[in-house]
Amino acid sequence: MQIQPLEQPPKPRRRRKVRAQDVLDYLGADYGPAQWHVRYSPAEELVYTILSQHTSDLNSERAFTNLMSVFESLDAVADAPVEAIEEAIRRGGLAKQKAPRIKNVLGQIREEIGSFDLTFLADMPLDEAKAWLKRLNGIGPKTAAIILCFSLGMPAMPVDTHIFRVSKRLGLIGPKVNADKAHDLLEPMVAPQDVFAFHMYLIQHGRQVCKAQRPNCNECVLAWGCRERPKIEREAKRLRSKRPSKSK
Ligand code: SF4
């Protein structure tokens, strides 16, 4: 079956705040349907997420692939000396910090449930599944949400740096909200079946348009109601006026 792209809604006639539904409608029309597919098992996703901290997707994928090709199973990773794990993940960066974290959390899971099969989390209510994961060493709201959302298809909303920045600029969350709290605020803004798309659209927008340093407000389909846009444009104007004019 061919998935039809969504139609771009018209700009609101009156100025109003951007709502979560606008993110789904306007960005959905721009970026197309968000398609969920399982990437890794939940425990592998957990390891991958640790590897992805403070590095690019490419580096974390390389580090994860190398780790699994060296050890072949999570059991073998959990049994390996920290130095061997460190060596296997070196290309992902921060290997000295990440290797003991991986060994530690895998050991903790195996001790608790006797395996690395975390699929039982899918049968729990969302809050309980999150709480189960967040008890593990070094697992915060973002990692817990990534595992539940990406591996198990649960309606958990991971808030990464792009989502945090874009949702603040748009005014979906207040300027003083921290990243942990943002998870609790953003997730219930949309229906459970839309959480994954909401996550994907905000990330894509943060990467392509609402970039950290130079947001491209002229190209933004949500510019009509963005809270931060007037401030960003004033600042851009101020910087332009400071540039020395070219002599003829
Ligand atoms: S208008 Fe500018 S600051 Fe606001 S979301 Fe769009 S790109 Fe980001």
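Predicted model: local features only at pLDDT ≥ 70, side-chain atom pairs only at ≥ 80, totals over all residues.
View 1. The contact between the domains involves eight residues of domain 1 and six residues of domain 2. On the side of domain 1 that touches domain 2, the elements that give two or more residues are helix 10 (179-186) and helix 11 (195-208). By class, that side of domain 1 has four nonpolar residues, together with two polar and two charged ones.

**View 2. The largest nonpolar core.** This core has 63 residues, of which V47, V77, I89, I102, L148 and C149 touch the most other members. Helix 8 (residues 141-151) gives the most to the core, contributing seven residues. Because domain 1 (1-35 + 157-239) and domain 2 (42-151) both give residues to this core, it lies between them.

**View 3. The surroundings of C149.** C149, one of the core residues that touch the most other members, is shown here with its contacts from elsewhere in the chain. When residues up to four places away in sequence are not counted, C149 touches M154, A156 and P158, and also F196 and H199.

**View 4. The buried residues of helix 10.** In helix 10, the buried residues are A182, H183 and L186. These residues cover an arc of only 105° around the axis, which puts them on the same side of helix 10. What covers the buried residues of helix 10 includes helix 8 and helix 9. Helix 10 is also one of the elements that give two or more residues to the side of domain 1 that touches domain 2.

**View 5. The shell around the ligand.** There are 15 residues around the ligand, and those that come nearest are the cysteines C210, C217, C220 and C226, together with P215. The elements that give two or more residues to this shell are helix 9 (161-170) and helix 12 (229-242), and helix 9 gives the most, with three residues. Divided by class, the residues of the shell are 11 nonpolar, one polar and three charged.

Definitions and conventions. Residues numbered from 1 in each chain as written. Core = buried A, V, L, I, M, F, W, Y, C linked by C-beta atoms within 7 Å. Buried ≥ 20, exposed ≤ 12 C-beta atoms within 10 Å, placed from the backbone. Helix = DSSP H or I, 4+ residues; strand = E, 2+ residues; numbered from the N terminus. Domains from an automatic or database assignment. Contact = placed C-beta atoms within 7 Å. Near = placed C-beta within 6 Å. Nonpolar A, V, L, I, M, F, W, Y, C, P; charged D, E, K, R; others polar. Arc of directions from axis to C-beta.
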